[in-house]
Amino acid sequence: MTDTLGDALPREIKRVREKKERWIGYAADMEKMSPGSSVGMKLTMRLMDAHLDEGVSALASGDVVRMLSAHEDLKSYSDDD
């Protein structure tokens, strides 16, 4: 069966949201051990938020070019965390 962009984009949105939730926990643990040590993670989570927001907005708009771009941005997040 062929995977469509309409299927793949929501799946990537879900995957990156789950990654962000994991990172929230990691950042909290890092802060307990060393205050200020999670600054880089927090910045990356802000970028994740921007990519997630664009993915949702692109999906709602139905604009295929925006959806493709958002999908590629979200795919760039590794699950190796």
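How many helices and how many strands are there in the protein chain? Here are some notes to read beside the structure, which is a predicted model.

1. **The overall plan.** The protein chain has three helices and zero strands. Starting from the N terminus, its elements follow the order α-α-α.

2. **Dimensions and burial.** Picture a box drawn along the principal axes: the C-alpha atoms of the protein chain fill one of roughly 45 × 25 × 15 Å. Of the 81 residues in the protein chain, 27% are buried.

3. **How α1 and α2 meet.** Two packed helices are described by the angle between their axes and the distance between the axes. Helix α1 covers residues 5-33 and helix α2 covers residues 39-61; their axes come within 10 Å and cross at roughly 160°. Angles over 145 degrees count as roughly antiparallel, and α1 and α2 are therefore roughly antiparallel to each other. The crossing in which α1 passes α2 is left-handed.

4. **What lines that contact.** Sorted by class, the residues in the contact of α1 with α2 are 15 nonpolar, two polar and six charged.

5. Helix α3 spans residues 64-75, twelve residues in total. From its first C-alpha to its last, α3 reaches 16 Å, close to the 16 Å expected at 1.5 Å a residue.

6. **One side of α3.** Which residues of α3 are buried? They are M67, A70, H71 and L74. These residues cover an arc of only 105° around the axis, so they sit on the same side of α3. Colour these four residues and look along the helix to see this for yourself.

Notes:
Residues are numbered from 1 along each chain as its sequence is written. This is a predicted model: local features need pLDDT of at least 70, side-chain atom pairs count only at pLDDT 80 or more; totals for chains, interfaces and linings use all residues. Side-chain values use heavy atoms; hydrogens and water are left out. Axes are lines fitted to C-alpha atoms, for helices over the stretch in contact, and angles run from 0 to 180 degrees between N-to-C directions. Helices (H or I, at least four residues) and strands (E, at least two) are DSSP runs, numbered from the N terminus. Angles under 35 degrees count as roughly parallel, over 145 as roughly antiparallel, 65 to 115 as roughly perpendicular and the rest as oblique. A crossing is left-handed if the near helix is turned anticlockwise from the far one by less than a right angle, and right-handed if clockwise. Ala, Val, Leu, Ile, Met, Phe, Trp, Tyr, Cys and Pro count as nonpolar, Asp, Glu, Lys and Arg as charged, and the others, Gly among them, as polar. The expected span of a helix is 1.5 Å times one less than its number of residues. Buried means under 20% relative accessible area, exposed over 50%, partly exposed in between (1.4 Å probe, protein chains only). The arc is that of the directions from the helix axis to the C-beta atoms.
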